[in-house]
Amino acid sequence: MDVALFVTCLTDTFAPRVGVAVVRLLRHYGCTIHFPPDQTCCGQPAYNNGFHEEAAEMGRRLIDVFDGFEYVVTPSGSCASMVIHHLPDLLAGDRAYGERARQLAARTWEFSMFLTDVLRVDVSSIAADPARAVTFHYSCHNRGLQSTEQASALVRGLKEVDYRPLDHLDQCCGFGGAFSALYPNISNAMVCDKVNAIARTGASVVVSNEAGCTMTMQGTARRHGLNVAFKHVAEVLAEALGLMGDWP
Amino acid sequence: MSRRKHWFDANVKKALADDALRAAIADTTVKKMASRAAAIAQVDQFQALRDLAARIKQHTIDHLDGYLDEFVRRFEAAGGRVHFAATAADANECIVRIARDNGLTLCAKAKSMTTEETHLNEALEAAGVRAVETDLGEFVVQLDHDRPSHIVTPIIHKNRATVARAFVRELGAEYTEDPEALTQIARRYLRDVFRRCDMGVTGVNFAIAETGTLCVCTNEGNGRLTMTRPRVHVALMGIEKVIPRMADLAVFTKLLSRSGTGQPITVYASLIQGPRRADDPDGPEQLHVVILDGGRRAIQAGPYSQVLRCIRCGACLNACPVYRQIGGHAYGSVYPGPIGKLLSPLLNDLEYFADLPQASSLCGLCLEVCPVNINIPDVLVHLRRDQVKNATVPWSRRAAFRGALAALSSPWLYRIAQKAARWFSALPAKGEWITRLPGPMGRLTEYRDLPRPAAKPFRELWPLEKASRDSAASQVPMHVPHPDPASGAAEQRELPPLDPAVIRRVATDADLVSIFCARAEAIGFRVTRSSPDALGSDIAALVGRKKVIIEPSLSCRPDVERALAGQAEWLDPQAGDAAMFATDVGITGVRAAVAETGTIVWSSGPDLWRGLSLIPPMHIAIVRREQIVPDLLDLFSDLPKTELSANTTLITGPSKTGDIEGILITGVHGPGEVHVIVL
């Protein structure tokens with residue numbers, strides 16, 4: 001199966017290890033991975049902040065870049081949501097790109113949904129490290145994509161996993177893109193609640209499959225001296241399968 | 001020039017510094033969300049039910065004039081008077097005129113967000129009419145010269161100590177922090193208002209076009225007293241409150257309080273069909289409805305008409321992570337929280353409320369909990385688009401965005417930006433993390449550390465990864481379609497049929513008596529299963545030596561009187577208020593009962609006093625088993641088939657409030673003890 005990886009700007013720039021884990025994991029499950037080199041941004045920041053002409057322009061680029069791939073997989077729920085929910089609306093009146101936007105939306109998958117719903121991966125035989133308690137934060141866009149169950153099942157379902165559920169799981173971490181820069185104090189109050197909830201679980205690993213959430217929670221945990229590791233679900237699975245040996 | 005208003009920042013700063021406020025809000029909203037989840041779980045087809053609600057509301061909004069005309073025609077036919085108000089000032093002027101024309105001086109007010117929107121109290125006071133808020137929370141707000149901070153739980157920002165201080169200061173009460181005692185202080189004070197008031201003002205939850213009926217949903221009983229005691233009842237509603245059919249209430253009553261407070265239905269749902277009839281013993285002589293535009297027409301005509309679907313349940317406030325941090329007052333408007341971020345700029349002015357659409361992380365939990373599927377995050381994003389178009393976004397932000405977007409649109413500029421960010425971040429960084437950025441960038445590191453861009457972005461690692469061998473392609477699965485995204489059902493513009501498979505929770509062939517008794521107990525009624533022979537002694541056991549009034553028309557009356565002979569003291573309801581306010585117990589029949597919710601349904605008529613199930617502290621209702629219908633759907637479908645009484649009230653449990661710290665207190669203004677005797 002041919003899969004194009006849409007790595008997203010944040011993962012590309014700040015969390016390349018996540019990209020590597022996604023590639024290795026998908027290969028492990030039999031996919032052939034392609035990485036269209038001209039990919040940049042899906043236009044989500046422009047869209048969310050009301051710059052809809054610019055977002056449409058970036059959307060058209062994205063459609064051209066990912067033209068022809070059977071599946072497009074992205075490790076970010078929010079970018080998946082942009083492509084699946086918003087681009088088709090944004091380009092609905094566009095003669096050249098409207099239909100192509102709908103086609104791209106149908107072919108694009110958020111990573112954890114791709115594993116559970118397309119590849120039908122069963123993680124129950126993959127052993128987690130029972131010595132490291134794990135908690136899981138789902139991104140709000142996972143909820144928008146109705147994939148919270150799929151995403152958390154990939155962690156909860158691991159063999160021998162010491163899974164610690166997070167209180168108030170439905171509450172946003174406080175990132176919200178430009179929101180966290182425009183209203184840093186509100187954002188901070190939100191993320192402090194989230195980091196306190198993480199601390200209460202006693203987990204040493206926080207799994208989150210959204211780079212924005214991870215940067216926000218990790219940056220706050222560091223500021224407050226909370227020593228926990230943050231990982232994408234792809235990293236957790238790739239590590240458990242021994243695929244990340246050369247990546248400490 | 002930056003047009004950003006600074007009032008919002010100041011409000012936020014104040015709220016974030018108030019730990020007690022945030023703790024109080026978090027505590028109550030978490031409780032309400034948990035209750036909501038439990039209540040939603042009782043509805044098998046919740047998603048389908050809210051799709052249905054959204055479609056009914058959207059259809060009505062799309063055909064508003066026709067339904068408003070129908071409502072007005074039928075409301076007037078029932079003897080009510082209709083007034084249209086274009087603006088808040090017009091609405092107030094109209095209500096003041098009604099007071100003047102009738103020489104009214106004391107107005108009891110039930111909780112109404114629309115009267116908050118028009119600032120009616122100030123207008124009444126200026127005209128010499130004393131307006132007293134009678135909902136516990138609103139009463140405290142009024143004593144404190146404060147504003148409500150939540151559309152359902154007005155004093156979510158206060159605790160028992162602040163309530164106690166207000167009662168000591170304004171009412172001369174003794175200091176107590178016991179929520180039960182505080183509630184009783186308010187009850188005693190407001191009893192006097194209810195005895196003397198000549199005007200009652202309420203809001204409206206639903207206005208039914210098919211019958212010209214007003215539906216008002218409340219919990220404490222103050223709403224019912226406000227609609228029962230005064231000579232004149234004035235109801236204020238926005239134009240969007242109209243719904244087509246009485247049976248639609250089955251959908252909306254099932255969603256409204258489940259979403260807001262986690263109750264299966266509010267304690268009281270009053271259906272008002274004109275003023276009191278000639279042979280009704282009590283109730284208002286005049287009924288007025290004031291129908292307010294106040295900016296709603298403009299919303300209806302614009303691209304965001306879905307906002308008018310809102311039924312003011314408050315679920316989005318309880319869910320919202322931003323509301324939880326900053327509370328209701330920070331929004332600078334009557335309508336706070338997610339729905340307020342839409343209503344405030346749309347009803348007023350996008351420039352003044354410029355921060356509201358921006359101050360959201362777009363987490364979407366509001367959409368998930370909305371009982372009428374309002375896509376709040378989507379409308380927020382489109383309001384932001386309008387702000388970009390109208391140039392109400394500061395130039396500095398526009399420049400920053402346009403620059404960043406240009407860089408992100410070109411692969412080579414993107415690469416250069418990535419590299420540059422890596423190099424420049426070396427200066428302020430310690431290792432791979434930045435703890436402090438200089439200048440205006442400093443706000444990014446004010447509260448948290450920022451990661452440096454990685455030494456090698458993924459695209460530089462890819463050639464190496466690519467070189468390692470792909471595994472042999474395994475079996476190729478079938479193409480899997482995406483699950484349906486958020487429903488677009490509301491896009492269908494026809495009035496949808498009321499599908500019983502979606503709405504009904506109790507089947508017509510179920511054991512109605514058992515279900516009714518179990519659910520009636522669950523919502524706080526005390527249920528006795530009796531028989532015609534035992535009825536007299538069963539009631540005697542409940543009444544003891546108390547003062548009692550019994551509906552004269554009850555067929556079991558002679559039996560009850562015989563059983564109580566020589567012990568209870570009989571009062572004559574014809575003696576009027578003196579008897580009604582003196583009696584301990586009111587014994588009534590019912591018009592119907594509903595198994596689904598354990599609801600009893602009382603309706604007015606000759607010799608049927610509205611006050612009897614409302615004013616005495618104990619109410620005994622006698623239900624014959626053949627009066628029990630399975631579901632609210634059956635009740636609301638059957639009601640319009642015969643002539644409606646002036647007042648039909650669904651009663652589901654004893655009078656209650658959760659206004660003080662979300663603690664449940666029974667017996668606020670209505671009876672605290674309700675016995676249901678099933679024959």
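These questions and answers walk through two chains of a predicted model and the contact between them.

In this predicted model, local features need pLDDT of at least 70 and side-chain atom pairs count only at pLDDT 80 or more, while totals for chains, interfaces and linings use all residues. Residues are numbered from 1 along each chain as its sequence is written, and chains are lettered from A and ligands numbered from 1 in the order in which they are written.

User: What is the radius of gyration of chain A?

Analyst: Chain A holds 13 helices and seven strands, where helices (H or I, at least four residues) and strands (E, at least two) are DSSP runs numbered from the N terminus. Taken over C-alpha atoms, its radius is compared with the globule rule, 2.2 Å times the number of residues to the power 0.38. The rule gives 18 Å for 248 residues and the chain's value is close to that, so chain A is as compact as a globular protein of that length, with a radius of gyration of 18 Å.

User: Which helices of chain A do the buried residues of helix 22 of chain B pack against?

Analyst: A residue is buried if 20 or more other C-beta atoms lie within 10 Å of its own, exposed if 12 or fewer, and partly exposed in between, with C-beta atoms placed from the backbone. In helix 22 (residues 458-467) of chain B, the buried residues are B:Phe458, B:Arg459 and B:Trp462, and they fall within an arc of 80 degrees seen down the axis, the arc being that of the directions from the helix axis to the C-beta atoms, so they line one face of the helix. On the other side of helix 22 of chain B, B:Pro463, B:Leu464 and B:Ala467 are exposed. The buried residues pack against helix 1 (9-14) and helix 2 (16-28) of chain A.

User: Which residue of strand 25 of chain B stands opposite B:Thr528?

Analyst: Five of the six residues of strand 25 (residues 673-678) of chain B are buried, so this strand is largely enclosed by the rest of the structure. Two strands pair if DSSP finds at least two bridges between them, and strand 20 (residues 618-623) of chain B pairs with strand 25 in the parallel sense over six bridges. Strand 14 (residues 526-529) of chain B also runs parallel to strand 25, joined by four bridges. Within strand 25 of chain B, the residue opposite B:Thr528 is B:Ile677.

Technical notes
Contact = placed C-beta atoms within 7 Å.
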